[in-house]
2 protein chains.
Amino acid sequence: MAEIETSSTETAAAGTVIGASVPLTGVRSAKKLATRQTLLDAALRLMEQQSLSSLGLREVTREAGIAPAAFYRHFADLGELGVALVEESLGSMHELIRDIRTPDAETEDVMRRTVDVVVAHVRANVPHFRFVARERHGGVAAVRAAIAAQLDTFIDELVEDLKLQPESEGWDSQELRVLARLYVNVIMLTVADLLDSGLENPLEEARIVAEALTQLRLVTVGRLHWPTDRP
Amino acid sequence: MAEIETSSTETAAAGTVIGASVPLTGVRSAKKLATRQTLLDAALRLMEQQSLSSLGLREVTREAGIAPAAFYRHFADLGELGVALVEESLGSMHELIRDIRTPDAETEDVMRRTVDVVVAHVRANVPHFRFVARERHGGVAAVRAAIAAQLDTFIDELVEDLKLQPESEGWDSQELRVLARLYVNVIMLTVADLLDSGLENPLEEARIVAEALTQLRLVTVGRLHWPTDRP
DNA sequence: CAAGAGAGCGAACAGTCGTTCACCGAGTGA
DNA sequence: TCACTCGGTGAACGACTGTTCGCTCTCTTG
């Protein structure tokens, strides 16, 4: 349910990807999308223990059960595959979070539900998020840029939400962006913490989730008591 | 002045490093430490554009002007070299920050000075901090653990400081740790932001520094207005 | 001063790598 | 039905990888 759909046309049609050419119907292109997905899955599986830049093209095709030369029918290089994985990993979260943001809810409830949804989504897609956490500051510039762009979109959406709240009186868009970036960063760091020490240890998971909520509340309390009467 | 001293005995004597054997004096071991340092510098230079796990042993020795076989006189593998680099990068910051923490200063002043010192230290040691930012969630487990241990030490020190403040009444050590982790994470993310979009663009740098200060203040205000009258 | 220790070297090892090429055969459109 | 498009194949390419070995030559120790 919360799992990332791995063969959506949305993913395939995104950006200037080499594969996923014009025709969207037919057995031909369906097969192509399938092997493209096989490559993405194989890469993701291998990256549970290593990073994108240490991945080999042959390694990926071997894991996928495909000839090395066939790789080039889908991606120009591994960096391009990485960008596609970013889309697949973070693209699916937008609608997911959009459902949470009921406009008249208490901030406390929104935070709690956001954390719950994110944790569930991470649990259902561990390799995807491990990839994002690892490559956010990783060695491949194109992938870093793609992740930053996705996070910026999340921040934009959060800013729009915050603007609608009465507590935002006296805050301009720039200040709200600073606040939103802090929220998003807290959540991303929580995800990273969960991934490398939390998921199979229920006690640790509870601790990490509780810590995330406390930190989000800390920021929220700071926001509510922010001195808006500045010159 | 703020530059990381690259040939201190402290670094060499740390941990169970293969190189840096027992004798601390003599021309012999001095030469050894020098080439060890050459290896560390070469690796750091190469990692400005790539990550540790994509680094090759021969690549490093070539950059250092040393035969590949000589590498093993100093490190068992590149992961061990990475751990040594973590020590060199973050070990030097402890004393640096210790100087800031004058016990009777205003929180606002402490934050401002901390940010200034960190930014200056980052500017003076760009490759070191790029390495830390990249490998904090990178693909080499030993390096990740070493960085986490160093950050934990920073958090410990910060908790001790916070304990001494009158504003911490009603906070137990666990809660203070949550707060301290948030502070440290904000600073680490600021460092990462500076590194990949700030350092050569003065306007961006100013924006990032200002954002960091705002976020730190946000957390501090939240701390001051935290509801301590919980059951 | 002689014997030993050890840092660094050069060569060789068996693999793996990314990329290219001509070619096959199944799905496609007239 | 027939020509054609195109995803996938297998072989081959030169280059590069981590690791080992015995050797040299300098510093260290008795």
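The model is predicted: local features need pLDDT of at least 70, side-chain atom pairs count only at pLDDT 80 or more, and totals for chains, interfaces and linings use all residues. Residues are numbered from 1 along each chain as its sequence is written, chains are lettered from A and ligands numbered from 1 in the order in which they are written, and side-chain values use heavy atoms, with hydrogens and water left out.

View 1. Of the 19 residues around DNA strand C, Leu57(A), Arg58(A), Arg62(A), Tyr72(A) and Arg73(B) come nearest; a residue is near a strand if one of its heavy atoms lies within 4 Å of it. Sugar and phosphate account for 49% of the atoms of DNA strand C that come within 4 Å of the protein. Helices H2 (27–46) and H3 (57–64) of chain A and helix H2 (27–46) of chain B each supply at least two residues of this surface; helices are DSSP runs (H or I, at least four residues) numbered from the N terminus, and strands are runs of E of at least two residues. By class, the surface holds 8 nonpolar, 4 polar and 7 charged residues, where Ala, Val, Leu, Ile, Met, Phe, Trp, Tyr, Cys and Pro count as nonpolar, Asp, Glu, Lys and Arg as charged, and the others, Gly among them, as polar.

View 2. A polar backbone atom of Leu57(A) is 2.4 Å from a phosphate oxygen of DNA strand C. Leu57(A) is found in helix H3 of chain A. Beyond its neighbours within four places in sequence, Leu57(A) is in contact (heavy atoms within 4.5 Å) with Pro68(A), Phe71(A), Tyr72(A) and Leu78(A).

**View 3. The surface near DNA strand D.** Around DNA strand D there are 20 residues, the closest being Arg73(A), Val27(B), Leu57(B), Arg58(B) and Tyr72(B). Phosphate oxygens of DNA strand D lie 2.7 Å from a polar side-chain atom of Thr35(A) and 2.6 Å from one of Tyr72(B). The residues of this surface comprise 9 nonpolar, 4 polar and 7 charged.

**View 4. The two protein chains.** A rotation of 180° with 0.0 Å of shift along its axis superposes chain B on chain A, with an RMSD of 0.0 Å; copies are superposed by least squares on the C-alpha atoms of residues with pLDDT of at least 70 in both. That is the relation of a two-fold axis. Among the residues of chain B, Gly222(B) comes closest to the rotation axis, at 1.7 Å (C-alpha).

**View 5. The ring pair of Trp171(A) and Trp226(A).** The ring centres of Trp171(A) and Trp226(A) are 6.0 Å apart and the planes meet at 40°, so the pair is tilted. Rings of Phe, Tyr and Trp (its six-membered ring) pair if their centres lie within 6.5 Å; planes under 30 degrees apart count as stacked, over 60 as edge-to-face and the rest as tilted. Trp171(A) is in the loop between helices H8 (141–164) and H9 (173–198) of chain A, and Trp226(A), 55 residues apart from it, is in the segment after helix H10 (202–224).

Conventions: A polar contact is a pair of N or O atoms within 3.5 Å; within protein, one must be able to donate a hydrogen and the other to accept it, and residues adjacent in sequence count only if both atoms are side-chain atoms.
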